[in-house]
Amino acid sequence: MTPEPDADTAAKIEPRYVSTVQVAKAMGVSVSTVKRWVDDGILPAHRTIGGHRKLLMSDVIRLVREGNLPQADLSQLVPVPTQIDLSDPTAIRNQLFNALQHADAELVRSLIQGGYHHGYPLEVMADQVIGPAMHRIGHDWETGKIQVFQEHRATQTVLAALYELRLQLRTKVTENRPVAIGGAPEHDHSILPSLLAKLVLIDNGWDAINLGPHTPMSAFEAALRTCKPRLVWLSASHLIDQERFLKEYADFYRVTVDLGVSVAIGGSALTNEIRCRMPCTTFGDGLSHLAAFARMLHRSPPLPRRGRPPDESDQ
Ligand code: B12
């Protein structure tokens with residue numbers, strides 16, 4: 001059995017707090033506006049011993065993403081080295097590939113978190129940045145430019161940056177979040193695609209439980225009955241016995257139909273030929289498809305507008 005892979009690492013990462021001044025800059029509003037939102041309960045805050053308000057970065061990110069703040073620039077909250085170019089996903093992808101080649105963990109972290117906080121949704125980071133950069137790493141391995149340990153190291157470096165980002169996605173919105181479960185099938189040891197699917201779903205207001213790599217269909221079924229999800233995602237990058245997989249999947253799918261659970265499938269192992277033999281609710285080539293489907297099933301509730309000032313005259 002493969003344990004939930006991210007529990008350990010996440011526990012070691014401290015939540016990030018930011019000051020009202022940083023928040024004001026990131027949101028494009030005045031410090032007094034931020035303080036008012038805190039006092040009105042729109043932005044949860046903690047007080048330091050000296051009485052200063054400090055805010056959880058994930059709450060700030062949520063408010064910016066869900067609120068209508070045209071001047072917002074989340075990259076203000078995450079110190080991004082000035083030499084990094086976040087102007088478009090292709091630029092980030094190229095820099096990420098170079099950083100992975102040089103095992104520059106700090107740069108990988110800055111690029112992944114910087115890209116997200118700059119405003120690229122997680123599905124864009126997955127489909128246009130991380131996925132293609134990893135494909136190039138795989139190509140370098142296939143052509144003998146790098147060794148397998150370097151491929152493993154690249155995966156682990158991206159993983160570390162994503163675990164940290166995951167913590168920043170945690171929000172105070174805990175009510176009425178629909179549950180999704182997912183993972184990779186048995187004998188598939190890929191970590192990143194399913195973890196990214198989880199993060200994409202969390203970012204879209206879901207409570208997403210990642211069963212991780214190498215998960216037998218029987219374990220999916222047990223989780224289905226225990227966790228009672230609305231959605232199951234299956235990410236398959238490698239299948240060693242297609243016929244057995246298809247048979248076990250067909251049995252599993254019948255259970256999801258009985259329980260009224262949607263099934264989203266994807267991953268590089270699901271060629272057209274295999275997909276044609278897999279009944280499902282939806283399939284996609286990228287996590288943008290999963291995000292669109294998840295948004296169709298469940299829309300995050302908008303934040304209360306209460307307390308938002310009519311103008312910014314106090315700036
Ligand atoms: C890193 C890597 C490894 C690492 C994995 C480390 C780890 N624990 O995660 C190691 C070195 C262990 C490895 C081993 C092997 N690998 Co490998 N690996 C890769 C590599 C380079 C990157 C995978 C990755 O992390 N990608 C990042 C993710 C985010 O991108 P993605 O997988 O493309 O996912 C995207 C879409 O598919 C989609 N998606 C994914 N899941 C889902 C789910 C849903 C619901 C939806 C809608 C969309 C969706 O959205 C994602 C984002 O855009 C790929 C190269 C490649 N071209 O993908 C090969 C690749 C996956 N590996 C491959 C192979 C053949 C192997 C080995 C058999 C090699 C060998 N001979 O031993 C073994 C098999 C191990 C096993 N049993 O699982 C093949 C798989 C071919 C296939 N599909 O059958 C690939 C595609 C390389 C290739 N071009 O041949 N691998």
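Is G267 buried or exposed? In this predicted model, local features need pLDDT of at least 70 and side-chain atom pairs count only at pLDDT 80 or more, while totals for chains, interfaces and linings use all residues. Residues are numbered from 1 along each chain as its sequence is written.

G267 is buried because 22 other C-beta atoms lie within 10 Å (buried means 20 or more such atoms within 10 Å of the residue's own, exposed 12 or fewer, and partly exposed in between, with C-beta atoms placed from the backbone). G267 sits in the loop between β7 (262-266) and α12 (272-275); helices (H or I, at least four residues) and strands (E, at least two) are DSSP runs numbered from the N terminus. Leaving aside residues up to four places away in sequence, G267 touches P193, S235, A236 and S237, contact being defined as C-beta atoms, placed from the backbone, within 7 Å.

Helix α13 (residues 287-297) has L287, L290, A291 and A294 buried. These buried residues fall within an arc of 100° seen down the axis of α13, so they line one face of the helix; the arc is that of the directions from the helix axis to the C-beta atoms. Their cover includes α7 (122-142), α9 (192-203), β6 (231-235), β7 and β8 (282-284).

In the contact between α5 and α6, I92, Q95, L96, A99 and L100 of α5 meet L107, V108, L111 and G115 of α6. The contact residues comprise seven nonpolar, two polar and no charged (Ala, Val, Leu, Ile, Met, Phe, Trp, Tyr, Cys and Pro count as nonpolar, Asp, Glu, Lys and Arg as charged, and the others, Gly among them, as polar).

Note on methods: Two residues are in contact if their C-beta atoms, placed from the backbone, lie within 7 Å.
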